[in-house]
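Subject: Structure handover

Hello,

Here is the structure I promised to pass on. Please open it and keep it beside you while you read my notes below.

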Amino acid sequence: MSATESSSLAIQVKGLQKSFEELEVLRGVDLDVAAGSVLALLGANGSGKTTIVRILCTLLKADGGTARVNGFDVVTESVKVRESISLTGQFAAVDEILTGRENLVLVARLRHLSSPGRIAEDLLERFALADAADRRVATYSGGMRRRLDIAMSLIGDPPVIVLDEPTTGLDPQARIKVWEAIEELAGQGTTVLLTTQYLEEAERLADRIAILHQGRIIVNGTLAELKALLPPAEVEYVEKQPTLEDVFLAIVGDDGAGRPTALTGAPAASTPDAGIN
Ligand SMILES: Nc1ncnc2c1ncn2[C@@H]1O[C@H](COP(=O)(O)OP(=O)(O)OP(=O)(O)O)[C@@H](O)[C@H]1O
Ligand SMILES: [Mg+2]
């Protein structure tokens, strides 16, 4: 890869390995995310999505392989990595004793930003939390905490944002608010890596979709590329296009030999960029 190509990658993961005692979770994960793009990482429960996220955010050390964020190595340049990346974890990390506004102001102060009050006000409005702004977070619903958590991660405009299941447990309206916020970020050129169980979310937000299965990225492509991996749509009375859910289930549903079922007969030549491993 040329220097120009690698500098346009906000996230570069090569051969990443991680085991927890006997359990091999990551067995050589390769994953690139172009700067300014949105990548959705899909995978079953326990497939290792959060493990990848924690390694990228310098919260966990890999056993092998390399990972770079914004050009910085997660092990040798961890301080630079932490300055470049912001994480909204799978479980909300808000301070319950403080109000929503106080949580936001605190983060803005910690990041040495001018006018923390104005930043907090703006985010409270954007995430529909203005009415609850001055209540303790202990009284918030799960969805409100989640929204506050995401709002906190946007403070300081980090170039790379990682959202680990950002909309799990949100009601449809709250989910749409989060989607709009992510679309706005993407529109401003922020790189977004999101993990999700909702295929509809990946379809709506992601430029590329990667599927983690049995410790490796088994597919990485655009939605169109993923759909092309399935056999041509069956013609009944109307042509039925496969949904991303069909693709996901076909790929992850084993054929018993550990090979993704949908890919065994897939015409590789017709999908040159889909990166089937
Ligand atoms: N600190 C740890 N110690 C031992 N095992 C762990 C640890 N962290 C994760 N694991 C195991 O590694 C596997 C991958 O976990 P991980 O949280 O990365 O999955 P995930 O894809 O994020 O799942 P989910 O969709 O449920 O969030 C699981 O089997 C989990 O139990
Ligand atoms: Mg997880």
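This is a predicted model: local features need pLDDT of at least 70, side-chain atom pairs count only at pLDDT 80 or more; totals for chains, interfaces and linings use all residues.

Is Leu223 buried, exposed or in between? Count the C-beta atoms around it: there are 19 neighbours inside 10 Å. A residue needs 20 or more to be buried, and 12 or fewer to be exposed. Leu223 therefore counts as partly exposed.

Now find where Leu223 sits. It belongs to helix H9, which covers residues 223–228. Set aside its neighbours within four places in sequence, and Leu223 is in contact with Glu203, Ile209 and Leu244. Thr243 is 20 residues from Leu223 in sequence, yet the two C-alpha atoms are 9.3 Å apart in space.

Next, a helix pair. Two packed helices are described by the angle between their axes and by the distance between those axes. Take helix H4 (residues 100–110) and helix H6 (residues 142–154). Their axes are 9 Å apart, and the angle is about 20°. Angles under 35 degrees count as roughly parallel, so H4 is roughly parallel to H6. The crossing of these two helices is right-handed.

Which residues of H4 and H6 meet? From H4 come Gly100, Asn103, Leu104 and Val107. From H6 come Leu148, Ala151 and Met152. By class, the residues of this contact are 5 nonpolar and 2 polar, with no charged ones.

Then go to ligand 1. It has 12 residues around it. Which of them come nearest? They are Phe20, Asn45, Lys49, Thr50 and Thr51. The shell divides into 8 polar, 3 nonpolar and 1 charged residues. Two elements, strand S2 (23–34) and helix H2 (49–56), each supply at least two residues of the shell. H2 gives the most, with 3 residues.

Last, the whole chain. How many helices and strands does the protein chain have? There are 11 helices and 10 strands. The chain has 277 residues, and 43% of them are buried. Now consider contacts between residues at least 6 apart in sequence. Of these, 64% join residues at least 24 apart.

Best wishes

Technical notes:
Residues are numbered from 1 along each chain as its sequence is written. Chains are lettered from A and ligands numbered from 1 in the order in which they are written. Helices (H or I, at least four residues) and strands (E, at least two) are DSSP runs, numbered from the N terminus. Two residues are in contact if their C-beta atoms, placed from the backbone, lie within 7 Å. A residue is near a molecule or strand if its C-beta atom, placed from the backbone, lies within 6 Å of it. Ala, Val, Leu, Ile, Met, Phe, Trp, Tyr, Cys and Pro count as nonpolar, Asp, Glu, Lys and Arg as charged, and the others, Gly among them, as polar. Axes are lines fitted to C-alpha atoms, for helices over the stretch in contact, and angles run from 0 to 180 degrees between N-to-C directions. Angles under 35 degrees count as roughly parallel, over 145 as roughly antiparallel, 65 to 115 as roughly perpendicular and the rest as oblique. A crossing is left-handed if the near helix is turned anticlockwise from the far one by less than a right angle, and right-handed if clockwise.
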